[in-house]
Every structure is written in structure tokens, then in C-alpha cells.
Amino acid sequence: MSGEHVALVDVNNFYVSCERVFDRSLMNRPVVVLSNNDGCVVARSQEAKDLGIGTGEPFFKVQRYMQTHNLAVRSSNYELYGDISARVMELLGRFGTWHEVYSIDESFVGLEGGLEQVRTTAAQIRSSIDRLIGVPVCVGVSSTKTLAKFANHVAKHNANLGGVCVQDLMDPDVLARIKSLVPATDVWGVGRKTGAKLAGMGIESIADLEAADPMLIRRKFSVVLQRTVFELNGQRCIGPVEERRDKGQVMFTRSFSSPVRTREAMEEVMSIYAQKAAARLAKEGRYASLLTVMAGTSRFAQGEASFPSTQVRLPKPTRDPILLTRLAVAAMNGLMHTGVDYVRGGVILSGLSDSPGEAQLDLFGQGGNDPEHEPVNVSGVVQDISARFGAKAIGLGRAGIAQAPAWSMKREHISQRYTTEWDELPLVKA
């Protein structure tokens with residue numbers, strides 16, 4: 001990382017901001033985004049926070065605000081959020097000497113130049129994202145990643161900074177006062193349990209942690225927290241960070257909106273989930289050597305409990321949707337109990353590699369050894385069409401039907417997928 005300065009760019013209230021890009025009626029009003037199956041609140045606008053709505057609060061408890069405070073409710077629109085995130089990250093990559101995606105709404109960017117030049121660049125980042133994509137961001141700039149996170153925190157909570165905080169340009173007395181007021185648990189990587197233990201040692205604020213003895217912190221906690229102390233004092237200790245996703249497996253797991261009781265319905269689940277997971281593998285250019293299928297009843301269910309799961313070692317590393325679908329369906333068929341209310345299921349692909357195995361099985365018996373009858377690469381056709389025309393364009397079995405089955409994830413308040421579905425593109429009329 002050659003940049004003299006580290007910038008942390010974070011989209012404000014990311015899920016809500018994505019919804020507001022295409023629906024301006026959501027501006028300046030309380031908005032919440034719900035979890036899978038519309039269960040509880042996972043994201044809130046500032047207006048919703050001001051009403052006292054908390055993250056994780058069940059939806060039925062906040063419904064009253066829809067009438068009394070004009071609360072807007074949206075189901076999680078992962079397709080839209082993922083596409084907006086990709087656009088933000090691509091744009092950020094144009095500005096710095098290096099760029100690291102940390103999460104769906106956060107990135108570190110290396111910036112060169114003097115402090116005033118860096119502040120100008122940070123302001124350009126913010127205005128460019130607002131103008132070209134439409135989501136608001138705050139930019140914190142400092143000498144280390146931990147301090148850049150802190151600077152971003154300052155930018156978010158001080159409107160007079162215009163969404164940009166270059167820590168080294170702040171008045172030292174003002175900066176010291178803020179550090180003395182912000183709790184240590186607001187430092188990147190310091191959780192509640194660690195914060196409670198620090199408080200027992202008299203370390204309650206960021207200023208206290210900054211002044212702590214690094215060797216004592218290492219003995220009492222870990223080398224990781226020691227690095228945090230060093231970073232708070234301007235010494236870079238945290239190298240490149242990978243985007244927060246599991247590189248070792250691809251998962252497609254969901255809760256059902258209504259219980260799955262029959263073998264036929266579970267075959268639909270495994271078929272669709274296996275093809276979704278295979279599509280993710282294809283997008284990432286990877287291959288799996290181990291397939292895991294799983295399902296489960298509710299832990300609060302009064303009837304028979306059942307949590308079937310098994311692993312299938314694949315003949316060769318593959319991302320073939322036909323092979324994965326057949327194996328997933330067959331594996332779960334031998335495990336589930338009909339008549340039992342399963343409320344969730346999933347397919348996990350692991351043992352990932354960047355190269356395929358040898359030629360896959362001739363699943364349809366089309367090729368044999370006759371050179372005049374070459375096997376038809378149905379799997380490749382499915383993958384190519386899906387990549388070009390979208391996941392709903394083609395599929396095997398029930399996954400090829402556009403209408404979602406009854407058990408699919410409940411999203412009653414979902415907005416349009418404005419940027420990823422042809423049928424839901426926004427229309428502009430002059």
C-alpha cells in the first residue's frame with residue numbers, strides 16, 4: 001500500500017439509500033428494510049432511528065408506525081443492493097493508488113498528495129458517487145485504516161464537515177475532545193465483550209485506548225488489539241484486508257415462507273438451490289469438490305424435530321448445474337421425513353478450486369464412445385444463457401419456471417429490481 005493516506009468510504013444507511021435512488025418518495029421519511037421472510041428490521045433510515053426503531057426489532061412491532069408516522073417498509077432487495085454496491089466499488093477504483101473492498105458498503109482507498117489535495121479528492125469521491133449513482137457516502141481520511149474508520153465516524157456525526165473528514169486537518173483540541181467522548185467500542189474491531197473488559201481496566205474512550213500500554217494490551221487481550229493501539233497512534237499495522245466473504249465455500253440457504261412437507265416440494269427446493277449455488281460458482285470462476293445439503297424444522301415446533309444433512313464427495317471438481325442438482329435431490333430424498341414441517345433448507349458447495357476436474361460424467365448417455373455422437377454440453381448451455389439473459393431465463397425442472405413456488409422466501413414489500421431485471425427497468429417519459 002503505497003498511498004500516503006488511507007480513506008474509508010462508507011455508504012450511509014446502505015440498504016435504505018439504495019431504495020431511495022429510484023423512489024424519491026422515500027426521502028425525508030422513516031424507512032425500514034426487513035430481513036428474510038420479512039421477519040425483522042435489518043436496516044433503518046435516520047428518521048426511523050429517531051423514532052426509536054431498533055435493528056432486529058420484529059416487523060409486527062413497528063407496523064403501527066406505518067399509520068402514525070408514515071413509515072415506509074421494504075423487503076430486502078438483494079439484487080438491487082448487490083448491483084448498486086458493484087457500481088460504487090467500480091467508481092471508487094478510479095480514484096486511489098489502491099482499492100480494497102471491505103464489505104458491501106465499505107471500501108478502503110489509498111490517496112496520494114498533500115492534505116488539501118486529499119481533502120479535494122475525498123470531496124470529489126463523495127460528489128461523484130452522489131451524481132453518478134445517487135447514494136450518499138461519508139469519507140474519512142487518516143494515516144491508518146483504524147484512524148480512517150474513526151475519521152469516517154466523525155464525518156457521519158458532524159454535519160458541518162460536509163461528509164468528509166481529513167483527520168490531520170482537524171483542530172487538535174477538537175479532535176482530542178471527540179476521542180475522549182467516543183467510547184472504545186466504536187473503534188474498528190473492538191466488540192462489546194472486549195469493551196467491557198477494557199472498561200474494567202479504566203479504558204472507556206478512544207483516547208484511553210490510544211494512551212494504553214501496547215504490551216499490557218497484548219498480555220491482557222491479543223496481538224490484534226495491540227495492533228489497534230498502534231494504529232490509533234498512527235503506526236500502520238493492518239495490511240490488505242479481503243472482502244468479508246467466505247472464500248472456502250458457496251452457500252445458498254433460506255428459510256421458507258411456508259413449511260415444506262412433501263418429497264416433491266423438497267426436490268424443488270434442492271433443485272433451485274443447487275442451481276443458484278452453481279451459478280454463483282460460475283460467476284466466481286470456481287469449482288467445488290464437496291456438496292452439502294441440509295434442511296431443518298423449527299426449534300419451536302411442537303411436532304417431530306428433524307435436521308437432515310449430508311455431504312457428497314463429487315467425482316471431480318465441478319460447477320455443472322445438472323450434476324449438482326441430481327446429487328442434491330438424491331441426497332435429500334434419502335434423508336427427509338415426509339409429513340414433517342421443514343422451515344429451512346440449503347445447499348453448500350465447498351472444497352473450492354480454480355480449475356475443473358477431468359471430463360464429467362455423460363449424464364444423458366448421449367456420447368458413449370461413438371465419435372459421430374459427441375455429448376451435448378447441456379450444462380454449458382444453461383450457464384451461458386443464465387449469464388447472458390439472467391437467472392430466470394433458463395433452468396432445470398422447477399428452476400426453469402418463472403413463477404416462484406409457494407414455499408419461496410416471503411418478500412411482500414419488495415421494490416423493483418430496477419437495474420438487474422428487464423421487466424423491472426425504470427421507465428422515463430418526457
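Here are some questions and answers about this predicted model.

Local features here need pLDDT of at least 70 and side-chain atom pairs count only at pLDDT 80 or more, while totals for chains, interfaces and linings use all residues. Residues are numbered from 1 along each chain as its sequence is written, and side-chain values use heavy atoms, with hydrogens and water left out.

User: Which elements give two or more residues to the lining of the second largest pocket?

Analyst: Happy to start there! The second largest pocket has a volume of about 620 Å³. Of the 25 residues that line this pocket, the closest to its centre are Asn12, Asn13, Ser17, Arg20 and Pro136. The elements giving two or more residues to the lining are α1 (14-22), α2 (46-50), α6 (115-132), β7 (137-142) and α7 (145-156).

User: Where is asparagine 13, and is asparagine 13 buried, exposed or partly exposed?

Analyst: Most residues other than glycine have a negative phi. Asparagine 13 has a positive phi of about 45° although it is not a glycine. Asparagine 13 sits in the loop between β1 (5-11) and α1. Buried means under 20% relative accessible area and exposed over 50%, with partly exposed in between (1.4 Å probe, protein chains only), so asparagine 13, at 28%, is partly exposed.

User: What is the relative accessibility of asparagine 28?

Analyst: Asparagine 28 also is a residue other than glycine with a positive phi, near 60°. Its place is in the loop between α1 and β2 (31-34). Asparagine 28 counts as exposed, with a relative accessibility of 69%.

User: How far apart are the axes of α13 and α14?

Analyst: Two packed helices are described by the angle between their axes and the distance between the axes. Contact (heavy atoms within 4.5 Å) is made by residues including Met266 and Met270 of α13 and Leu324 and Ala328 of α14. Helix α13 (residues 263-284) and helix α14 (residues 321-333) pack at an angle of about 145° (from 0 to 180 degrees between N-to-C directions, with axes fitted to C-alpha atoms over the stretch in contact). Their axes are 8 Å apart.

Conventions
On a 1 Å grid over the protein atoms alone, a cavity is a set of points where a 1.4 Å probe fits but cannot get out, and a pocket is an open set with protein on both sides within 12 Å along at least five of seven lines; lining residues have an atom within 4 Å of a point. Grid points are joined across faces, edges and corners, and a volume is the space filled by probe spheres set on the points. Helices (H or I, at least four residues) and strands (E, at least two) are DSSP runs, numbered from the N terminus.
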